[in-house]
Number of protein chains: 2
Amino acid sequence: MNQRLQIETEILTLRTRHPFRIARGEHEDIRTVLIRVKDADGRVGLGEATPQLVYGETPESVLSALEVYGEVLPSDPFDLEETERRLLGALSGNASARAGLSTALHDLVGKHLGVPTWKSWGLDPATIPVSTFTIGIDTPEVIRKKVREASEYPVLKVKLGGGNDLEILTAIREETDRELRVDANCGWTVKQAVRMLPVLEEYGVTVLEQPLPASDLNGLATVTRHARIPVIVDESCHVAADVPRLAGCVDGVNIKLAKCGSLREAVRVVHAARAHHLMVMVGCMIESSIGITAMAQVAPLVDLVDLDGAALLAHDPYVGATLDAGCVELPTGPGLGITERTPS
Amino acid sequence: MNQRLQIETEILTLRTRHPFRIARGEHEDIRTVLIRVKDADGRVGLGEATPQLVYGETPESVLSALEVYGEVLPSDPFDLEETERRLLGALSGNASARAGLSTALHDLVGKHLGVPTWKSWGLDPATIPVSTFTIGIDTPEVIRKKVREASEYPVLKVKLGGGNDLEILTAIREETDRELRVDANCGWTVKQAVRMLPVLEEYGVTVLEQPLPASDLNGLATVTRHARIPVIVDESCHVAADVPRLAGCVDGVNIKLAKCGSLREAVRVVHAARAHHLMVMVGCMIESSIGITAMAQVAPLVDLVDLDGAALLAHDPYVGATLDAGCVELPTGPGLGITERTPS
């Protein structure tokens, strides 16, 4: 047990089915970093780091960070709490690299225990709320096509803030009366957001995510006061220590591994948010089933789920948590229960 | 797996080595409730409920509550999160009964996994801070005798608020220059507390616990503002939802299973407190090693430890976590790793 856990990395190039646009810009090829953590017995834990350009991360910066983190890994994968402390001590920031490592370590621990991670946490996957499926910013024609293609999903999340919000809402409602949530990805001003509130209501929108830039807490408080629907923040909330100042401003927080840096911190955000009676959501990036399955372990603890990142891919190299008509099904194998997709 | 988990109960009568007095009153015989939870395979998880008269609980009320809770237990001990929700739904309050059940369920899960509870939580017992040993309110002569008897413990916690505070502090400092913390158990007024602060400083006291009545948050904020040492609350903080209103008033919170109602809630209090940059302490009641060992599972996450409840007993029917010169040693057996004490 005295040999340090070993890391192997590989860049995964993922492609979305359709070009995917949000208020901040457009994605096509997505590059994430596959992490394999090996113990002395040859057991392997899988993780995925999904670098966020907006936080100064690239696949290459993730690889560099993992070089540093590899030097402070323990020999015992069970030493999770102290390992996180050491990782942060060795190199701060780099949340997506740390999240990928955390995922791999939890997968490895689950494989040692012989049970799924969610089970070792005492959670019941049957309590996971239905996941949204996301419609990116696009022309009304493409939006309508995407909505038709997503007919199996009972709840849609639409990206707004790209300048054609009304067109998009109209196009969607021409196609469907399904439940609709809106994510503006920081794309509005306070005035725009307050002006949009009655419009969202008219279109039957049930949740509004991150209407304003991340740091505008006063503005977010104003929008929340005016809103009849819950206002959830994403970019404004990274870690548990962000929660107290958000309580009283907004109605809830959206947790993502690439922001909070570990599965354990994700759970800590849940608990901090619950202590403040906030709603809790889990979200994802566009990433393979490894990243999605990791975040899905926490999903039995939350109110709102948006875990469609792998469902948006043209090809997902892994099989893990699945979205069956929006219902999140968690693997029952040990750890994350991820398997490689066999070529069909 | 479809047969409901079964509960067996037994009242434990425990006796302290010395009569034990705090600001609120005196204890001699302590009665707690031993809980055995059995699964269909005959595996047994052990728990202890330590009823608190001050919260309207008696051993008999614990037994009555367990009758109700027994009806909503799951068949699968791993179903911890949902079970807690069901228990609270079936009967609110009764924190010590729920805590005892939570302990037994976690013990059972650990036995299924084949690892100690702390290990399945990713914690390292080597990081547990040294525990205090408590000196109850007494005459100067008895105090001096108790301090001498406790010579192996490097940190003492002394109970004040009984009307002879100065006598006690003087008696202790005549015997020892060891680290000293003070717990007033709600026994002072704001004026008394503020007047005591320079005295505590003079006697080298390092931590002040619960100087004022539980609900006097304004008073606690005043005392904390005047204090150079950390002010920690115990009676003011039961569950994670209490944390936000305490942040900004005090420096930290003391978590006890008999207040928070479960091991999972204890962890939630830690996370909520950390999100607010509060100090975290774990404490105990006078109880057997079962209750102490349960709370000790959370101790690797905290700053201050007071887990001497079983060390104060004349006879402890169980062997679990031990205090070796104040150092908490956790059992390495599966679950809580508790064994029955063999007659010597």
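Leu208(A) has Val231(A) as its bridge partner in S8(A). Around this pair, strand S7 (residues 205-209) and strand S8 (residues 231-233) of chain A run parallel and are joined by 2 bridges. Strands here are DSSP runs of E with at least two residues, numbered from the N terminus, and two strands pair if DSSP finds at least two bridges between them.

Before we go on, a word on the model: it is predicted, so local features need pLDDT of at least 70 and side-chain atom pairs count only at pLDDT 80 or more, while totals for chains, interfaces and linings use all residues. Residues are numbered from 1 along each chain as its sequence is written, and chains are lettered from A in the order in which they are written.

Now step back to the sheet in chain A. Its 8 strands form an open sheet with parallel pairing, in the order S4-S5-S6-S7-S8-S9-S10-S11. Strands S4 (133-135) and S11 (304-305) of chain A stand at the edges with a single partner strand each, so one side of each has no neighbour in the sheet.

Next, have a look at Leu307(A). Its contacts (C-beta atoms, placed from the backbone, within 7 Å) include Ser131(A), Val282(A), Ile292(A) and Leu323(A), leaving aside residues up to four places away in sequence.

Finally, compare the two chains. The same surface serves both copies, as 100% of the contact residues of chain B recur in chain A.

How values were computed. Contact = placed C-beta atoms within 7 Å. Helix = DSSP H or I, 4+ residues; strand = E, 2+ residues; numbered from the N terminus.
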